[in-house]
Amino acid sequence: MDLTLTIIASVAFLILTVFCGWRGARPINVLKGPRMIPWRPLMMVCVVALMLMLVHLFNLLGVQTGNQQRY
């Protein structure tokens, strides 16, 4: 993935994370019945994807992440 696509994916996952967090934090309406979409687990999946995109973005910018073996 190039830099532009990585930034677009990062922003998209950030927006999805905030949206899912907002929907998951709303109080339950008993009259409507149970929630059919698990917002909090979806938020956590988006957070993990956002972290992966940020690590990939840092790698593209030249920051070395991960284990470094020094001999």
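How many helices and strands does the protein have?

1. Overall content. The model discussed here is a predicted one. The protein contains two helices and zero strands. Helix 1 covers residues 3-25, and helix 2 covers residues 39-60.

2. Overall dimensions. The radius of gyration of the protein is 17 Å, whereas a compact globule of 71 residues would have a value near 11 Å. Along the principal axes, the C-alpha atoms fill a box of roughly 65 × 30 × 15 Å. Of the 71 residues in the protein, 17% are buried.

3. Geometry of the helix pair. Two packed helices are described by the angle between their axes and by the distance between those axes. In this model, the axes of helix 1 and helix 2 come within 8 Å and cross at roughly 155°. An angle over 145 degrees counts as roughly antiparallel, and helix 1 and helix 2 are therefore roughly antiparallel to each other. The crossing of helix 1 and helix 2 is left-handed.

4. Composition of the helix contact. Sorted by class, the residues in the contact of helix 1 with helix 2 comprise 20 nonpolar, six polar and two charged residues.

5. Cysteines. A disulfide is a covalent bond between the sulfur atoms of two cysteines. How many disulfides does the structure hold? The structure holds zero disulfides. Cys20 takes part in no disulfide, and the nearest cysteine sulfur, that of Cys46, is 4.7 Å away.

6. Burial of the cysteines. Are Cys20 and Cys46 buried or exposed? Cys20 has a relative accessible area of 4% and is buried. Cys46, with a relative accessibility of 9%, also counts as buried. Both values fall under the 20% limit for a buried residue.

7. Met51 lies in helix 2 and counts as partly exposed, because its relative accessibility is 48%. The C-alpha atoms of Met51 and Phe13 are 9.3 Å apart in space, although these residues are 38 residues apart in sequence. Leu54 is likewise found in helix 2 and counts as partly exposed, with a relative accessibility of 34%. For Leu54 and Leu16, 38 residues apart along the chain, the C-alpha separation is 15 Å.

8. Ala25 in helix 1. Ala25 is located in helix 1, the helix formed by residues 3-25. With 59% relative accessibility, Ala25 counts as exposed. Ala25 and Arg40 are 15 residues apart in sequence, and their C-alpha atoms are 8.2 Å apart in space.

9. Gly66 after helix 2. Where does Gly66 lie? Gly66 is in the segment after helix 2. Its relative accessibility is 60%, so Gly66 counts as exposed. Between Gly66 and Val18, which are 48 residues apart in sequence, the C-alpha distance is 27 Å.

How values were computed. Residues numbered from 1 in each chain as written. Predicted model: local features only at pLDDT ≥ 70, side-chain atom pairs only at ≥ 80, totals over all residues. Heavy atoms only, no water. Axes fitted to C-alpha atoms, helices over the stretch in contact; angles between N-to-C directions. Helix = DSSP H or I, 4+ residues; strand = E, 2+ residues; numbered from the N terminus. Parallel < 35°, antiparallel > 145°, perpendicular 65-115°, else oblique. Left-handed = near helix turned anticlockwise from the far one by under 90°. Nonpolar A, V, L, I, M, F, W, Y, C, P; charged D, E, K, R; others polar. Disulfide = S-S within 2.5 Å. Buried < 20%, exposed > 50% of the residue type's maximum accessible area, 1.4 Å probe, protein only. Rg over C-alpha atoms; globule rule 2.2 N^0.38 Å.
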